[in-house]
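Welcome! Here is a short tour of a structure with two chains facing each other.

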Number of protein chains: 2
Amino acid sequence: MKSAPAHQRCAVEAALDAIGGKWKGLILYHLTRSGTLRFNELKRLLPGVTQRMLTKQLRELEAEALVLRTVYAEVPPRVEYRLSAEGLELRPVIEALREWGVRRENSRGAGTAHAHAC
Amino acid sequence: MKSAPAHQRCAVEAALDAIGGKWKGLILYHLTRSGTLRFNELKRLLPGVTQRMLTKQLRELEAEALVLRTVYAEVPPRVEYRLSAEGLELRPVIEALREWGVRRENSRGAGTAHAHAC
DNA sequence: CAGGATCCCGCGAGATACTG
DNA sequence: CAGTATCTCGCGGGATCCTG
């Protein structure tokens, strides 16, 4: 737990603290789409992320109880990540954000073609 | 021609790029609530932000066409910030985020009293 | 009041090597 | 495969001073 700055935090501030990390938004987005993802699957979906950063972001999301981590005692090891109940409640937020992004994308390059990789 | 990163950016990625800065979420939130805010008003609403950072974040939001900046030729100078039409369309996102934050806040400290400063 | 210009430091984050 | 452990560097961002 982090030391509170003794400042009256509003809900939006707290929310942004929980999901505002560099890769957290995208991680949550991909988990809402895929349901369950292994470490390397997630890594492939996040172009440019390093293992170190991905691990760190996942650990923080886990600490916020937004993401669940399941380790299977196998060889080779398998670790799966999925949203917790609390994390699933972020879906409306993510969906609204996605819709905004799509509308924005369309109203910009009004003529050009659009391919969606994700 | 630029060397293409050859990576297909999705709408969510682009959206997070636009509003993912350190203070941008909170700035947008306060602008949705207040409609119009002067520089120092905004600064007071963001505890811990420095002028430098606030200026930088506002400039970036302006460059993304999410925030409009109006300068009044007065003495002392007055500068007002408000959301553009495109920025206003973020309201559903921000509102969904706020609701999530409030629900989360309540389900955590289930017994304790809650005062809302903002 | 609303910034711009400078200086400067810490740590965020990349690269690499190693491991259960 | 899914991570830790180190070392390292750059720049994000704070502090301070100046100005229209």
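What follows looks at confidence, then symmetry, then the interface.

This is a predicted model, in which local features need pLDDT of at least 70 and side-chain atom pairs count only at pLDDT 80 or more, while totals for chains, interfaces and linings use all residues. Residues are numbered from 1 along each chain, chains are lettered from A in the order in which they are written, and side-chain values use heavy atoms, without hydrogens and water.

The mean pLDDT (the predictor's confidence in each residue, from 0 to 100) of chain A is 89. Over residues 1-7 of chain A, pLDDT stays under 50. Where pLDDT is low, the predicted coordinates should not be read in detail.

How are the two chains related? Chain B is superposed on chain A by a rotation of 180 degrees with 0.0 Å of shift along its axis (RMSD 0.0 Å), by least squares on the C-alpha atoms of residues with pLDDT of at least 70 in both. That is the relation of a two-fold axis. In chain B, the C-alpha of B:Val93 is nearest the axis, 2.8 Å from it.

Now to the interface, where contact means heavy atoms within 4.5 Å and a salt bridge is a side-chain nitrogen of Lys or Arg within 4 Å of a carboxyl oxygen of Asp or Glu.

| Item between chain B and chain A | Value |
|---|---|
| Contact residues of chain B | 36 residues |
| Contact residues of chain A | 35 residues |
| Salt bridges | six salt bridges |

One salt bridge joins B:Arg103 to A:Glu89, with the closest N and O atoms 3.5 Å apart.
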